[in-house]
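Let's take a friendly look at this protein together. The sequence and structure come next.

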Amino acid sequence: MGDKGQNPPSAADGKNAKELIEMAKQTQATDVEAMMRMQRMINESEETGMETNIKLKTQTEQLKNIHADVHTVSSRMKTAEKLVNQIGRRLATDKLIACIILILLLLILAIVVVKALGLDQKGSTKVVGAGGYVYYVDCSFPMNAYLAQCRSEAQATPAPPPPPPPPPPPPPP
């Protein structure tokens with residue numbers, strides 16, 4: 001009566017409805033499986049994110065420690081550089097002192113040679129050497145006795161008289 005445009009449900013419609021329900025159930029089961037997979041993937045992603053966050057914090061701490069170590073090494077390098085400079089200055093000072101000592105030793109040696117050869121002109125004989133250089137030689141030193149000037153001087157000066165004989169001993173009483 002009021003259902004003019006509608007057909008009464010038939011057996012074919014029931015079969016279609018069952019198929020539709022069955023298809024809906026399969027779709028729902030597939031959707032549930034997909035949701036479960038997505039949930040697992042989300043959980044895995046969260047775990048990976050947490051692990052990554054922990055590793056990132058650890059690496060950040062390591063970087064801070066490395067930065068502090070670099071600062072410490074830099075400070076120690078500056079101190080070492082200062083010490084090396086001090087050692088270099090000390091070595092230069094030591095070399096300067098060694099040179100001064102060497103010069104003093106050479107001067108002392110020259111003075112000894114001059115005195116030994118009688119070149120200091122006191123009581124010396126004038127000797128004209130090669131190239132017209134004038135040297136003064138002390139002929140009283142035995143090592144200079146071989147020089148011709150010393151030999152001629154020794155011949156020109158008479159030998160000193162012998163010392164007087166000692167007085168005779170007093171007679172015994």
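Which residues form a negative surface patch? The patch consists of Glu-44, Glu-46, Glu-47 and Glu-51.

## Ground rules

This is a predicted model, where local features need pLDDT of at least 70, side-chain atom pairs count only at pLDDT 80 or more, and totals for chains, interfaces and linings use all residues. Residues are numbered from 1 along each chain as its sequence is written, and side-chain values use heavy atoms, leaving out hydrogens and water.

## Fold and confidence

The protein has two helices and two strands, arranged along the sequence as α-β-β-α. Helices (H or I, at least four residues) and strands (E, at least two) are DSSP runs, numbered from the N terminus.

The pLDDT (the predictor's confidence in each residue, from 0 to 100) averages 80 over the protein, and 68% of the residues score at least 70. Confidence is highest in H1, at 90, and lowest in strand E1 (residues 125-128), at a mean of 59.

## Surface patches

Leu-102, Leu-106, Leu-109, Val-113, Leu-117 and Met-143 make a nonpolar surface patch of about 530 Å². Met-143 sits in the loop between strand E2 (134-137) and helix H2 (148-156).

Notes
Patch = residues over 30% accessible without salt bridge, like charges linked within 9 Å, V, L, I, M, F, W, Y side chains within 5 Å. Areas by Shrake-Rupley, 256 points an atom, 1.4 Å probe, with all protein chains shown as cover. Salt bridge = Lys/Arg side-chain N within 4 Å of Asp/Glu carboxyl O. Lys, Arg positive; Asp, Glu negative; His and termini not counted. Charge placed at Lys NZ, Arg CZ, Asp CG, Glu CD.
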